[in-house]
Amino acid sequence: MAATGLGARFYRQIKRHPGLIPMIGFIALGMGSAGLYLLRLALRSPDVCWDRKNNPEPWNRLSPNDQYKFLAVSTDYKKLKKDRPDF
């Protein structure tokens, strides 16, 4: 008796068409990297506020030396001076 589950059908298709393995790998890699990037945005971005009682405006607590961009090509954040008032 052949198994009719989704995993068994998937395994049979992969066994029958081995050219699908790289495509499935690239799709899994893309979905995984997109998920990790969304997790990074949710945890590290100053625009996201998870705790409104203790930190209602998280963007005001950033110093000019904090790097919150994903990639800063030519900016050295250690040499920046504070040019805005404290609230």
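**View 1. The annotated segment, residues 20-43.** UniProt, in an unreviewed entry, places the feature "transmembrane region" at residues 20-43; such annotations may be inferred rather than shown by experiment. The model is predicted, and local features need pLDDT of at least 70, while side-chain atom pairs count only at pLDDT 80 or more. Residues are numbered from 1 along each chain as its sequence is written. Over residues 20-43 the chain is 100% helix and 0% strand. The end C-alpha atoms of this segment are 35 Å apart.

**View 2. The crossing of helices H1 and H2.** The protein has two helices and zero strands (DSSP runs, H or I of at least four residues for helices and E of at least two for strands). Helix H1 covers residues 6-16 and helix H2 residues 20-44; their axes come within 8 Å and cross at roughly 125°.

**View 3. Residues where H1 meets H2.** From H1, the contact (heavy atoms within 4.5 Å) involves Phe 10, Gln 13 and Ile 14. H2 contributes Leu 20, Ile 21 and Ile 24. Five of the contact residues are nonpolar, one is polar and none is charged.

**View 4. The surface of the protein.** Of the 87 residues, 7% are buried (under 20% relative accessible area, 1.4 Å probe). The accessible surface (Shrake-Rupley method, 1.4 Å probe) is about 8200 Å², and 61% of this surface belongs to carbon and sulfur atoms.

Note on methods
Side-chain values use heavy atoms; hydrogens and water are left out. Buried means under 20% relative accessible area, exposed over 50%, partly exposed in between (1.4 Å probe, protein chains only). Axes are lines fitted to C-alpha atoms, for helices over the stretch in contact, and angles run from 0 to 180 degrees between N-to-C directions. Ala, Val, Leu, Ile, Met, Phe, Trp, Tyr, Cys and Pro count as nonpolar, Asp, Glu, Lys and Arg as charged, and the others, Gly among them, as polar.
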